[in-house]
Amino acid sequence: MRYRFANSELLWQAKTLLLTEDNFSVLFTSVRNTDPDFFYYETAMPSDIIKNARQIKYAGGYELFQTECGIFHMNHWAMCRYAFGFYIDDLDGDTPIYVNPEILNQQTMIASHFLSTIGVHRKLLNRNCPILHASYVVHDSEAILFLGASGTGKSTQAQLWQDVLGAQIINGDRVLLECIGGKWTAHGYPCCGSSYICINQSAPIKAIVLLQQAAENRVEVSSVAKNICALTSATEIYPFADAEVSKAFDLAQKITANIPILTLRCTPDERAVMALKDYLENVL
């Protein structure tokens, strides 16, 4: 199976794990490059892969083990504790995903969920392409990204822009950024959380909007420090990986210097849409 998003192609060679072709299928490409950017393949998990390893982190959904071959990221799925895993320092070349056959008796895995757990973000971040937790809409051929903590209204504002202005929601939860010719571009990405909205489309970024709930609608120019913190927090990274945190911070600085970043204090209705639209058209 081959999938293309942004300027990268991922080749997935499934052997033992069944994947449900949900929103992953919209990124399917018929291109048959002999040298894909990222190549993942499944292999049986050796019984001794963590037998003599030292556990260095346990967070419920995953575990980290220090092994002779490097740090091994063990994922849990459903009720299967040792579902699958991989070595996290493999940023280039082929990446084996070690699968516990017992997982097949537990639960069929959804492709987009699986993609978000095998470290693809590390490879993309290594190419200066961060993945942001954001709602991504296209209006007048330009991308507007809504960022904010859970519950601040990212999906609500995206839906309002679609309902009121006819904007297209490209992804309700993730957006992949890439600097092309000195300009930042937003790309569709196959992981989309619970929004189930996932379109493989790219557009130049008009603005990034930080959301805050309020009784009245007001658009403000955010401080540089606030912007960098917000972007770093929104970047998909492993928080235990210092190099990723540093990379996310560096990219946040570059993005902040090149893209208008605004704070929208907003209500969950049409008034917020018109306030932001007026600012984007008459001030930027």
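**Aromatic ring pairs and burial**

Colleague: Is Tyr40 buried or exposed, judged by its relative accessibility?

Modeller: Buried means under 20% relative accessible area, exposed over 50% and partly exposed in between, computed with a 1.4 Å probe on protein chains only. This is a predicted model in which local features need pLDDT of at least 70 and side-chain atom pairs count only at pLDDT 80 or more, while totals for chains, interfaces and linings use all residues. Residues are numbered from 1 along each chain as its sequence is written, and side-chain values use heavy atoms, without hydrogens and water. Tyr40 has a relative accessibility of 0%, and therefore counts as buried.

Colleague: How many aromatic pairs does a search of the whole structure find?

Modeller: Rings of Phe, Tyr and Trp (its six-membered ring) pair if their centres lie within 6.5 Å, and planes under 30 degrees apart count as stacked, over 60 as edge-to-face and the rest as tilted. Searching the whole structure by that rule gives a total of 10.

Colleague: What is the sequence separation of the parts that Trp12 and Tyr40 tie together?

Modeller: Trp12 and Tyr40 form a tilted pair, with 6.2 Å centre to centre and 35° between the planes. Strands (E, at least two residues) and helices (H or I, at least four) are DSSP runs numbered from the N terminus. Because Trp12 lies in strand S2 (residues 8-13) and Tyr40 in strand S4 (residues 38-44), the separation in sequence is 28 residues.

Colleague: Which residues do ring pairs link into a cluster with Trp12 and Tyr40?

Modeller: Trp12 is itself buried, at 4% relative accessibility. Ring pairs join Trp12 and Tyr40 in a cluster with Phe84 and Phe114.
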